[in-house]
Amino acid sequence: MSASPKVEIIRQYHIYEIMDSCVMKVQVKLTMLIPAKTQFYIYPFRKYLPHLNARLQDGTELPILPYTELSRLLGRNITLDEIKKIATDLTKGVIEEEVLASENFALIILPYRESDYYEELELNWKEPIGHKQSNDILTLDVPLNRQFSPTEESSLYVEIKVSEKYELTELPTTFSLDDEHPETIGIDNPRFIYPLRRLEDTKDYEVILKDKRNYVLRFGRKFPQTIQIQYKVGVPLMVRNWAWFGILAGGLLIPFNLYIFVAVIESFKFSAALTAGIVAAMIGLRIILFHDVELMARWNWVYIALISANLLILVGLAVQCTSQCF
């Protein structure tokens, strides 16, 4: 029994949706011409994905096996190199080129048909896009980079969607990699660097939708070189400005209250009202704007520290002022 024949990809649609908790949901829709008696389709990934699911256009869920089951399915022992060759043949012009070198392949079992047929295969999975430990407080921009092999016979659509809590702080920039003229760097451990050429809108590709929360690109058939798309996702500018306002107000309130505490104890009532108002505003900003944004985890601790310091000073003022002000 030989490997499944080549599947012809007619149209591919990649959707990258930025979710909460530093996670990106990925959906790939492949419109395919599947030859008769095709048994499976191999799709490679950067890493193992336990939550991957695949289904047809009518909603039918497809079985997914580890690539190690391919030998049993074909009835003969095959090497990892052979599996990579099969995956490359089946996915050429579809999957991001840098992923083809990985050893994480999903073996998607296709329905058995006696004749050629058209189908839309939909794949869904999630990917981490950041780590809270390395985030800045409010200036965070998560850089993202995607590569796609030459489109050959298929047209390529790439959609970038962002949840309402974030936005594209840097709109997508597209490049092509000169696959035929790589530059070699290093002697003992050489590696290849591919020259980049920035692509031009309307000439090399088409922008179908352009928004800070939804951006769609279309590349026509037979684009000869690898496509690279770069963009950044971060916190909206308005949200950052309001957060910095709260931090600045809370920070300046501390030396003001200390001055009142030491020098002008009679102004306790004014200081108490001002502190209470600013602390309430800071808490309100925290709840309304950042109630579950993990991209700015450190920012939470800054606000907690400022609010706690102001409240402690306010309590100290109240204790010292008890006998003098009332």
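In what order do the seven strands of the open sheet with mixed pairing stand? The order is S4-S7-S2-S1-S9-S15-S14. This is a predicted model.

Strand S4 (53-55) and strand S14 (206-210) are its edges. Each has a single partner strand, so one side of each lacks a neighbour in the sheet. From one strand to the next, the twist averages 15°.

Strand S9 covers residues 155-162, and strand S15 covers residues 214-219. The two pair in the antiparallel sense, over six bridges. Opposite isoleucine 160 stands tyrosine 215 of S15.

Strand S1 (residues 8-18) holds histidine 14. Is that residue buried or exposed? Its relative accessibility is 1%, so histidine 14 counts as buried; the cut-off for buried is under 20%. The histidine 14 side chain also has a polar contact, at 3.5 Å, with the side chain of tyrosine 16.

Turn to another sheet. Four strands form an open sheet in the order S8-S16-S10-S13. Its pairing is antiparallel. Strand S8 (141-148) and strand S13 (196-198) stand at the edges. Each pairs with a single strand, so one side of each is left without a neighbour in the sheet. Here the twist averages 30° from one strand to the next.

Which strand pairs with S13 over three bridges? Strand S10 (residues 167-177) does, in the antiparallel sense. Follow serine 176 across to S13: its bridge partner there is arginine 197. In general, strands of a sheet pair through backbone hydrogen bonds, either parallel or antiparallel.

Note on methods:
Residues are numbered from 1 along each chain as its sequence is written. This is a predicted model: local features need pLDDT of at least 70, side-chain atom pairs count only at pLDDT 80 or more; totals for chains, interfaces and linings use all residues. Side-chain values use heavy atoms; hydrogens and water are left out. Two strands pair if DSSP finds at least two bridges between them. Axes are lines fitted to C-alpha atoms, for helices over the stretch in contact, and angles run from 0 to 180 degrees between N-to-C directions. Buried means under 20% relative accessible area, exposed over 50%, partly exposed in between (1.4 Å probe, protein chains only). A polar contact is a pair of N or O atoms within 3.5 Å; within protein, one must be able to donate a hydrogen and the other to accept it, and residues adjacent in sequence count only if both atoms are side-chain atoms.
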